[in-house]
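Trainee: I am new to this structure. Can you walk me through how to read it?
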Amino acid sequence: MSSLSLPRHPLTRRTLSLPAPARRAAFGKVLLNEARLTWRLPVGVVGGIGIPMVLLVIFGSLPKFHQTMPGLGRLTLFDVYLPVIVVLGLAALALWGVPGPLVSYREQGILRRLSTTPVPPSWLLAAQAAVQTCIAVAGLVLVVGTSMIAFGSPAPKSPAGLVLSCGLAIAGLFPMGLLIASVARTPNAASVIGRLAFFPLMFFAGLWLPRALMPGVLLDVSNYTPLGAAVQAVQDSMLSGFPPAAPLLVLAAYALVLGFVARRCFRWE
């Protein structure tokens with residue numbers, strides 16, 4: 001099927017007619033099961049927490065990264081790369097952690113079989129989103145907390161701006177994972193497509209060339225990519241204050257457009 005919506009099976013309608021406590025208990029079991037499966041196949045945990053923490057420790061341990069550089073103003077390389085590391089974790093979750101399980105479920109016929117049970121297939125999607133969001137929050141707290149405790153980074157100037165920026169980044173990036181799950185026929189294909197999308201996006205986020213050192217045209221392109229806008233918003237939240245409207249609007253636009261496209265294109269079967 002080509003839509004995110006499935007025809008409601010009579011059993012599904014029966015589930016929706018259950019009292020709210022019963023529905024919450026049923027969804028809780030689905031959520032717990034997805035959390036267990038994520039722990040057993042920790043692609044999202046490795047990408048969303050493991051890799052960012054390794055990069056944080058490596059960059060934080062290099063003396064050169066704590067020295068100011070020409071072209072970066074009064075900022076150090078560590079100041080510049082900390083937002084990039086935060087966004088890298090979110091991108092890895094969206095492009096690696098989200099598509100694989102969904103493609104695997106569809107390949108095994110699990111999503112189709114769910115439509116004949118009292119459990120709506122959309123609950124599985126919601127449970128996956130909840131699990132991946134929890135990993136994203138844990139990664140954000142670990143990266144920012146470790147940078148402050150172990151490497152002397154200042155506390156974010158605008159915690160509210162940081163939360164909003166990361167929330168919009170998640171809302172814009174996770175539908176990209178659903179789009180990958182829509183076109184990939186196997187988990188291996190989803191993994192390849194996710195990696196092919198990940199590295200160009202991380203280039204525009206400033207992983208190989210800091211955004212402050214990018215030529216004007218390249219920086220303009222970066223500002224309108226989801227990861228470039230996310231890094232700009234996160235960096236402003238951490239170093240200056242509440243981020244300007246431009247990167248937040250870019251992220252909101254990606255969230256709305258990609259969310260709509262993902263809803264239309266996602267295949268349950």
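Trainee: Which residues of helix α5 (residues 99-107) are buried?

Mentor: This is a predicted model. Buried means under 20% relative accessible area. In α5, P99, L102, V103, S104, Y105 and R106 are buried.

Trainee: What do the buried residues of α5 pack against?

Mentor: Look for contacts with other helices. The buried residues of α5 pack against α2 (20-40), α4, α6 (110-114), α7, α8 and α9. Then check what comes next in the chain. Just after α5, G109 has a positive phi of about 80°.

Trainee: How should I read the nonpolar core?

Mentor: Start with the general idea. In soluble globular proteins, nonpolar side chains tend to be buried together. Here the largest nonpolar core has 74 residues. L56, F198, M202 and L227 touch the most other members. Helix α4 (residues 77-97) gives the largest share of this core, 17 residues.

Trainee: Which residues is F198 in contact with, leaving aside its neighbours within four places in sequence?

Mentor: F198 is in contact with L88, A91, A92, L95 and W96, once those neighbours are left aside.

Trainee: I know the pattern is linked to the helix turn. What is the rule?

Mentor: An α-helix has 3.6 residues a turn, so residues three or four places apart point the same way.

Trainee: Now helix α11 (residues 226-239). What distance does it reach from its first C-alpha to its last?

Mentor: Compare the reach with the expected span. α11 has 14 residues and reaches 20 Å, close to the 20 Å expected at 1.5 Å a residue.

Trainee: Why is α11 said to be largely enclosed by the rest of the structure?

Mentor: Count its buried residues. In α11, 10 of the 14 residues are buried, so the rest of the structure largely encloses this helix. Among them are P226, L227, G228 and A229. A230, V231, A233, V234, S237 and M238 are buried too.

Trainee: Which helices do the buried residues of α11 pack against?

Mentor: They pack against α4, α7 (121-151), α8 (159-183), α9 (187-205), α10 (216-223) and α12 (245-265). After α11 comes G241, with a positive phi near 155°.

Trainee: How do I compare sequence distance with distance in space?

Mentor: Read both values for one pair. A35 and A130 are 95 residues apart in sequence. Their C-alpha atoms are 9.1 Å apart in space. A35 lies in helix α2, and is partly exposed with a relative accessible area of 34%.

Trainee: How far apart are Q132 and Y105 in sequence and in space?

Mentor: Q132 and Y105 are 27 residues apart in sequence and 16 Å apart in space, C-alpha to C-alpha. Q132 is in helix α7. At 2% relative accessibility, Q132 counts as buried.

Trainee: What is Q132 in contact with, beyond neighbours within four places in sequence?

Mentor: Q132 is in contact with G44, L93, G97, V98 and F174, with those neighbours left aside.

How values were computed. Residues are numbered from 1 along each chain as its sequence is written. This is a predicted model: local features need pLDDT of at least 70, side-chain atom pairs count only at pLDDT 80 or more; totals for chains, interfaces and linings use all residues. Side-chain values use heavy atoms; hydrogens and water are left out. A nonpolar core is a set of buried Ala, Val, Leu, Ile, Met, Phe, Trp, Tyr and Cys residues joined through side-chain atoms within 4.5 Å. Buried means under 20% relative accessible area, exposed over 50%, partly exposed in between (1.4 Å probe, protein chains only). Helices (H or I, at least four residues) and strands (E, at least two) are DSSP runs, numbered from the N terminus. Contact means heavy atoms within 4.5 Å. The expected span of a helix is 1.5 Å times one less than its number of residues.
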